[in-house]
Amino acid sequence: MEQMNGTEVTKFILLGFAGQHRSWRVLFLAFLVIYVATLMGNTGLVLLIKMEPSLHTPMYFFLQHLAFVDLCYTSAITPKMLENLIDTKQSISFIGCLVQLLVYGTFATSDCYILAAMAIDRYVAICKPLHYTVIMSRRLCIQLLVSSYVMGFLNASVNTGFTFSLYFCKSNAINHFFCDEPPILALSCSSVDLNIVLLSAFVGFNLVSTVLVVIFSYVHILAAIVRTSSAAGRRKAFSTCGSHLTAVTVFYGTLSYMYLHHHTGESQEQEKVASVFYSIIIPMLNPLIYSLRNQDVIAALRKVGKKYV
């Protein structure tokens, strides 16, 4: 990789947010609190599911890995962002930028597929309850999970590889708070047409395929709920799906805005706000979404609390 004068690019500058030099203390404190809450919430959820036998079901198997994935991709971004808020250099090494994009891309994509796997689980549980344990076997759950990680790594490795094979000569200043692909492509003097096609194709395929799975699952779930004569049965079905549907809507809505809308100079700060919500806020919210409205998790928390307190 070479820069403007032919010297090798060894680092990038992360410009962060507009005006962050004036409000860095507030931003640092806010993001630190959010990150600590994310670590505690997701780690706690992983440990709770591991410790409590009543949560050893396919639904919570996927939820445990969703919490792990959330931890991974937010940890790829937030610590470096916090460091750059207090460091005037605001730099990241070339290799560090590559690794950050690879890790973030791998786990963020895996998140999509795990959410789709959870939708399949809810579909089987509500529409085919008598066959649930046979269909959602340990083998199928592991296959769905491994496929999620494989698709995540495939998406991230291809896009990261093509991105960092470009020739950078315009600048080494990335107009973002982390190494995301679109602002890195803006620095290239090479043609980025292939990169844009690959990014659109991979993101489009990941979103469309997983969203279709979610839509298919919930159309059948809704039909099954409508056919249910028992009011208690309908409430139980809605309660088991409500948390997942909330997480899916927030996650896919933000991700679609970030990568599939038309990028303009005026929208760059809005994209950063969307990125904050997607990569920092959502990983903090997911443990709350899945615990506050979930009677199984609440009961498990009470049980563990009585045992160890």
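## Salt bridges

In this predicted model, the salt bridges number three. Side chains of opposite charge can pair when their charged atoms come close.

One of the salt bridges joins K303 and E52, with 3.2 Å from N to O. The two partners lie 251 residues apart and link distant parts of the chain: K303 belongs to helix α11 (residues 295-308), while E52 sits in the loop between α1 (20-51) and α2. E52 has a relative accessibility of 4%, and because the limit for buried is under 20%, E52 counts as buried.

E83 is partly exposed, at 37% relative accessible area.

In the salt bridge between D121 and R122, the closest N and O atoms are 2.8 Å apart. Both D121 and R122 are buried.

## Packing of α2 and α6

Helix α2 covers residues 58-75 and helix α6 covers residues 138-163; their axes come within 10 Å and cross at roughly 20 degrees. Angles under 35 degrees count as roughly parallel, so α2 is roughly parallel to α6. The crossing of the two helices is right-handed.

On the α2 side, the contact is made by P58, F61, F62, H65, F68 and V69. On the α6 side, R138, C141, I142, L144, L145 and Y149 take part. Sorted by class, the residues in this contact are ten nonpolar, one polar and one charged.

Methods
Residues are numbered from 1 along each chain as its sequence is written. This is a predicted model: local features need pLDDT of at least 70, side-chain atom pairs count only at pLDDT 80 or more; totals for chains, interfaces and linings use all residues. Side-chain values use heavy atoms; hydrogens and water are left out. Axes are lines fitted to C-alpha atoms, for helices over the stretch in contact, and angles run from 0 to 180 degrees between N-to-C directions. Helices (H or I, at least four residues) and strands (E, at least two) are DSSP runs, numbered from the N terminus. Angles under 35 degrees count as roughly parallel, over 145 as roughly antiparallel, 65 to 115 as roughly perpendicular and the rest as oblique. A crossing is left-handed if the near helix is turned anticlockwise from the far one by less than a right angle, and right-handed if clockwise. Contact means heavy atoms within 4.5 Å. Ala, Val, Leu, Ile, Met, Phe, Trp, Tyr, Cys and Pro count as nonpolar, Asp, Glu, Lys and Arg as charged, and the others, Gly among them, as polar. A salt bridge is a side-chain nitrogen of Lys or Arg within 4 Å of a carboxyl oxygen of Asp or Glu. Buried means under 20% relative accessible area, exposed over 50%, partly exposed in between (1.4 Å probe, protein chains only).
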